[in-house]
Amino acid sequence: MPDFWKFPTVSMGIAPINAIYQARFMRYLENRGLIAKTPRKVWAFLGDGEMDEPESMGSLTLASREKLDNLIFVINCNLQRLDGPVRGNGKIIQELEAAFLGAGWNVIKVIWGTDWDGLLARDKSGLLIKRMEECVDGEYQSFKAKGGAYIRKEFFGKYPETLKLVEHLSDEQVGKLRRGGHDPLKVYNAYRAAVEHKGQPTLILAKTVKGYGVAEIEARNPTHQQKELNDRSVQLFRQRFDVQLPEDVANNVEFYRPPEGSPEMSYLHERRRQLGGYIPERKLAPSQIQAPPLENFADLMRGSKAPHPSTTMAFVRLLTTLMKNPQIGKRVVPIIPDEARTFGMESLFRQFGIYASGGQLYKPHDADMFLYYKEQQDGQILEEGITEAGSMASFTAAGTAYSNYQVEMIPFFIYYSMFGFQRVGDLIWAFADARGKGFLMGGTAGRTTLAGEGLQHQDGHSLVLASTVPTCAAYDPAYAYEIAVIIQDGIRRMYQEQEDRFYYLTLYNENYAMPPMPEGVTEGILKGIYKFKAAEKGKATVQLFGSGPTLNEAVRAQQILGERYGVAADGWSVTSYNELRREALGTERWNRLHPGEAARRPYIVSALGSAQGPIVAATEYMKVVPDQLAPWLPGRMVTLGTDGFGRSENREYLRRHFEVNAESIVTAALSRLARDGKFDAAKAAKAFAELGVDTEKVDPAMA
Ligand SMILES: Cc1ncc(C[n+]2csc(CCOP(=O)(O)OP(=O)(O)O)c2C)c(N)n1
Ligand SMILES: [Mg+2]
């Protein structure tokens, strides 16, 4: 439903962190002059149980540090979550109050309804307040679950003075003494105070009753599971709230529409008018962005000279070019969780400035250097510190600005690829569901290329995880020109054509020669595959697929196969198995739904054309990434991938260990040809020894 509902937040913890960064991004847009100063607020309505999610409270100090008085949290403190009480033996409201006050927020508590005001006024002994404070949440839950007589006995009855306070009330009246969160007057006042508060974000803690008004299940542990009302519950609900509906409408729980022109309808229409419409809608303005022509990135297209760069360095060059673009440069939002130096991006600091809402209040120690650490109020770079979750929330705010503000922003969030999809996958899902746009850049990618860092850094599965997100186009480019083609077309499709998609690109830190872009490969790069290097002699009997730095291994294998074993092989760059599979699935679906018409060919099949023989696909990622294409390449695929845990080793050893180096590709090809009866089996067996591929070593998938 692309037009409906802007902020999907059903996963607990996503709403609070996203709300904080949305509010901060509103200020960013103002400070950069991209929107006018606005009185808008970000409201987040949260559960008290939800606050136990680490994401819920992990970024609270950012909100106070940034003085986000455009942000209001309302926590519905019904004291229960799904299974039982949130803090049966304690008090969740006090706990949250302390934490938020400590984090620098303005806190408003809405605990007792107006009905209690008179009781409190008459509480000369102070015992009513004492009683309120000494009861734990488990007891408060019981009071509401068990009703008026129980409350009189167990709550007020503890002290004669407090018991006396309610002697004029019936049990029913005692049972109905409202909590603050159910009192419109108290809630209104709290909201008003929150809206008017300056200089801090505000938290409203509203004490409520779970299942309020549904007599039989109110404040009971299974309340959350109650999905339907029986006839008696409906009747009691009507009585309790004095709902004036025709008998049959109420009993059948039918939709009821008050007559047109009635005060109720006028009120409802007026509220909707003030809110700007009848449903939460994602509105699009005409696109303001033209993708720059590919020629703008000429230095990525023409190939490299020594010293050669990595794809990360090529990307930084592209990003700099893009940020200098007079038309769209201002719309680019680089987002970095404390890794700019790792990626060679520190030159951007001085050129474009690091966003700091209060400007730079100190003279940086490196101020006398050309590339100093420059913070400024209208800085463009979001240097987030070590928070991938926060960075992803910023990416979400920027990537949805096109619908929240009708201002298209182009965020690039660059991070250690290992700490993306697997660490903040749920935030990525919410981003996608909100139809977010932008580029996730998985730096220091791969299981074997990120040399010398611990196994926890070595990513061999982000592409698998990326494949699960419907609007994510994931690419594993090998060369600078591939990156340029993908990003240029990405800007065109996301912004110019306003398609609902976003991109994930892997970037590596291995330096190698970047070839100039061959003729006629643009379509293949974007669709996912093109022939990078045909066999030098004769018609190929083997096809080699490589991606990212593994393409270089495939090219080396191609050479060894030809020179040492007389086997001609074609070399293919596979930029996206995920995109190829999606296209093939779409084509197959069309064929299934149109049995009477000529079958269409998936792109992978037509791209391969008459290319003969088995296919050896080698990847930095798990074998399942190339295996996605197996249904359309029946019996042809031999997949080499990096299943298993990483190792702290250099590239050469890692590639040997995971069996994705050129030697492993060569032996895999010969082995397969031998099994097909196309190569001498004894010679194939000998090749393993010749090329140093240990046939008896432990399987890396289990090592
Ligand atoms: C990340 C995540 N884990 C689990 C759930 C399942 N879940 C849905 S509602 C709920 C309880 C919520 O309790 P609370 O936040 O107190 O909200 P309440 O319903 O009491 O207002 C749970 C565990 C979820 N939606 N998201
Ligand atoms: Mg709750």
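Trainee: In this predicted model, which residues of strand E11 (residues 472–475) are buried on each side?
Mentor: Both faces of E11 are covered. In a regular strand the side chains alternate between the two faces of the sheet. On one side the buried residues are Cys472 and Ala474, and on the other they are Ala473 and Tyr475.

Trainee: How many bridges join E11 to strand E12 (residues 502–506)?
Mentor: Strands of a sheet pair through backbone hydrogen bonds, either parallel or antiparallel. E11 and E12 run parallel. The number of bridges joining E11 to E12 is 4.

Trainee: Which residue in E12 is the bridge partner of Ala474?
Mentor: Ala474 is one of the buried residues of E11. Its bridge partner in E12 is Tyr504.

Trainee: What unit do E11, helix H22 (residues 480–496) and E12 make?
Mentor: The two strands run parallel. With H22, E11 and E12 make a β-α-β unit, and its hand is right. The name is a right-handed β-α-β unit.

Trainee: Where is Tyr212 found?
Mentor: Look at strand E4 (202–207) and helix H12 (231–241). Tyr212 is in the loop between E4 and H12.

Trainee: Why does Tyr212 count as partly exposed?
Mentor: A residue is buried with 20 or more C-beta neighbours within 10 Å, and exposed with 12 or fewer. Tyr212 counts as partly exposed because its number of C-beta neighbours inside 10 Å is 18.

Trainee: Which residues does Tyr212 touch, not counting residues up to four places away in sequence?
Mentor: Asn78 is 134 residues from Tyr212 in sequence, yet 9.3 Å away in space, C-alpha to C-alpha. The contacts of Tyr212, with residues up to four places away left out, are His182 and Glu218.

Trainee: Which residue in E4 is the bridge partner of Val74?
Mentor: Strand E2 (residues 71–77) and E4 pair in the parallel sense over 6 bridges. Val74 has as its partner in E4 Ile204.

Trainee: What is the pairing in the open sheet with the order E13-E15-E14-E16-E17?
Mentor: This sheet has 5 strands. Strand E14 (residues 542–546) and strand E15 (residues 569–574) pair in the parallel sense over 5 bridges. One bridge has Val542 with Ala569 in E15. For the sheet, the pairing is mixed.

Trainee: Which strands does helix H29 (residues 662–675) touch?
Mentor: H29 packs on the sheet, and its direction makes about 155° with that of E17. The strands touched by H29 are E14, E15, E16 (615–618) and E17.

Trainee: Is helix H18 (residues 388–399) roughly parallel or roughly antiparallel to helix H20 (residues 421–433)?
Mentor: Their axes come within 9 Å and cross at roughly 10°. Angles under 35 degrees count as roughly parallel. Therefore H18 is, relative to H20, roughly parallel.

Trainee: How many nonpolar residues does the contact of H18 with H20 have?
Mentor: Residues of H18, including Met392 and Phe395, meet residues of H20, among them Leu427 and Phe431. The contact has 2 polar and 2 charged residues. Its number of nonpolar residues is 8.

Terms used. Residues are numbered from 1 along each chain as its sequence is written. Chains are lettered from A and ligands numbered from 1 in the order in which they are written. This is a predicted model: local features need pLDDT of at least 70, side-chain atom pairs count only at pLDDT 80 or more; totals for chains, interfaces and linings use all residues. Axes are lines fitted to C-alpha atoms, for helices over the stretch in contact, and angles run from 0 to 180 degrees between N-to-C directions. Angles under 35 degrees count as roughly parallel, over 145 as roughly antiparallel, 65 to 115 as roughly perpendicular and the rest as oblique. Two residues are in contact if their C-beta atoms, placed from the backbone, lie within 7 Å. Ala, Val, Leu, Ile, Met, Phe, Trp, Tyr, Cys and Pro count as nonpolar, Asp, Glu, Lys and Arg as charged, and the others, Gly among them, as polar. Two strands pair if DSSP finds at least two bridges between them. A crossover is right-handed if, with the strands pointing away from the viewer, the path from the first strand over the helix to the second runs clockwise.
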